[in-house]
Amino acid sequence: MYQSRSTCSLLPLACFQEHQSVKIINVEGIGRSRMESPFPINWRFPDTVTWRFHSAVILIAFVVLLSREPERLLNAQFWAEDGTVFYSDAYNLGIFQSLFLPYAGYLCVTQRLAASLVQPFPLGWAPLLLNLIALIIQVLPVTLLVSPRFAPLIPNLSHRLFLAFIYLGLPNTSEIHGNISNSQWYLALLAGMVILAPPSKSNCWRWFDGGVVVLSALTGPFAILLIPVALIYWQLRHNRWLAKLVLGLASGALIQGIAILFTAATVRSAEASETTLELFTKILAGQVFLGTLVGQNGYQSFFPPSPGYTLFAFLVMGLGLLALAYVLFNAPLELRMLVLYGVLIFTASLLSATIAWEKLCEPGFSTRYWFIPMVAFAVSLVWLTGQRRSRGVRFVAIAALAIMFTGIVGDWQHSPLPDLNFQEYVAEFEQAPPGTTVTIPVNPSGWFMYLVKH
């Protein structure tokens with residue numbers, strides 16, 4: 001699956017010429033860094049990536065995401081902070097005053113920038129446009145993964161397309177799907193991929209890399225967690241462009257650190273919570289390992305927990321940790337760095353959680369925290385299926401991946417948000433005289449957006 005890193009000068013989609021193609025070298029017999037194909041030999045895609053093929057993959061990825069919850073565009077509504085914080089602040093305070101306003105203890109520049117971009121349009125269009133931007137951000141990791149940029153790491157195009165499908169269909173992700181509030185988690189994953197991707201001399205790709213790193217660094221605390229991963233990777237893969245990206249991450253982390261220092265204590269208060277090994281085990285086993293394999297709906301079948309669930313959770317955690325340990329000792333460097341990134345995010349999420357650990361065990365509760373750890377675990381399973389040196393490991397990985405497909409199917413369709421008759425409130429807002437404060441209910445239940453009519 002992964003090859004030793006090498007530099008390359010490959011063009012992004014925007015720079016593809018009509019007849020240009022990039023040869024993807026399918027290197028055979030290169031030790032452990034190569035992933036043996038889990039597919040039949042004849043199930044392979046062409047060894048060239050043209051701009052037409054790349055465009056088609058991006059379009060299909062968008063349609064796949066939309067199929068999981070079509071109402072995100074067909075009956076678009078605000079979700080949580082989409083309306084109550086980001087849109088309302090941009091409207092009430094103005095674009096420039098709200099852009100660098102911290103929320104929940106840190107900067108959220110990407111969400112606020114998106115809310116600012118939709119201000120010229122009527123209020124009735126705002127949820128649709130914000131959800132559209134959120135879905136585009138979700139597609140970006142596929143854009144990078146399938147591009148020739150990742151060919152030196154994953155030479156076989158079929159493997160990259162398979163990983164793209166796993167990402168698009170990942171179970172236990174309904175909370176963060178198609179809303180701008182949680183787009184920071186997809187952006188954080190994309191920033192990690194940019195750090196691990198071979199550098200390109202193309203200006204288009206460099207603008208892409210720099211933009212992703214800067215936006216991610218100024219959106220959520222992820223730059224602070226990605227810096228140690230990037231520094232380790234830079235120490236082992238010296239190149240000037242990576243050093244510049246690390247510098248960008250460090251600058252963003254410094255800014256976020258200042259925001260957290262001065263605002264987090266006043267806006268974040270944690271619920272009283274036990275922090276026991278048993279709860280830790282249930283969160284890791286249930287939300288990350290079982291969440292990845294059987295999905296939220298499958299995990300729900302274990303609740304309320306049976307008397308033997310604690311022992312079962314310890315067993316699942318043990319097997320999951322053994323799989324990740326095997327990856328950390330045997331996988332290519334890039335995959336090990338992804339796993340390390342997931343571990344840091346999981347640890348930081350538990351330590352900084354404002355929600356009791358007892359609630360974090362529950363299916364569907366705050367699943368945003370487990371997204372990148374689940375991605376790292378899923379990618380590890382795919383890599384393990386190619387380990388012909390250890391048939392036992394390969395067999396278990398293939399079995400786990402087969403179970404995961406049941407989780408993908410079971411969690412594919414997300415339940416639509418309750419219809420709060422948003423357009424009726426839009427009509428009320430449009431008819432209100434200037435200076436009137438209009439209250440608009442927002443999903444989930446109990447959230448409200450307050451707009452002062454201009």
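Student: Where does H12 bend, and by how much?
Tutor: H12 bends at Gly286, by about 25 degrees. That bend is the angle between axes fitted to the seven residues ending there and the seven starting there. Helices are DSSP runs of H or I, at least four residues, numbered from the N terminus. Keep in mind that this is a predicted model, where local features need pLDDT of at least 70, side-chain atom pairs count only at pLDDT 80 or more, and totals for chains, interfaces and linings use all residues. Residues are numbered from 1 along each chain as its sequence is written, and side-chain values use heavy atoms, with hydrogens and water left out.

Student: OK, what span does H12 reach?
Tutor: From first C-alpha to last, H12 (residues 277-293) reaches 22 Å, close to the 24 Å expected for its 17 residues. The expected span is 1.5 Å times one less than the number of residues.

Student: Is H12 mostly covered or uncovered?
Tutor: Mostly covered, with 14 of its 17 residues buried. Buried means under 20% relative accessible area, exposed over 50%, and partly exposed in between (1.4 Å probe, protein chains only).

Student: And what follows H12?
Tutor: Gly295 does, and its phi is positive, near 80 degrees.

Student: Switching topic: is Gln431 buried or exposed?
Tutor: Gln431 counts as exposed because its relative accessible area is 68%. Gln431 sits in helix H19 (residues 422-431).

Student: How far is Gln431 from Lys453?
Tutor: They're 9.6 Å apart, C-alpha to C-alpha, and 22 residues apart in sequence.

Student: Last one: which helix holds Ile258?
Tutor: Ile258 lies in H11 (residues 240-267). Ile258 is partly exposed, at 44% relative accessibility.

Terms used:
Helices (H or I, at least four residues) and strands (E, at least two) are DSSP runs, numbered from the N terminus.
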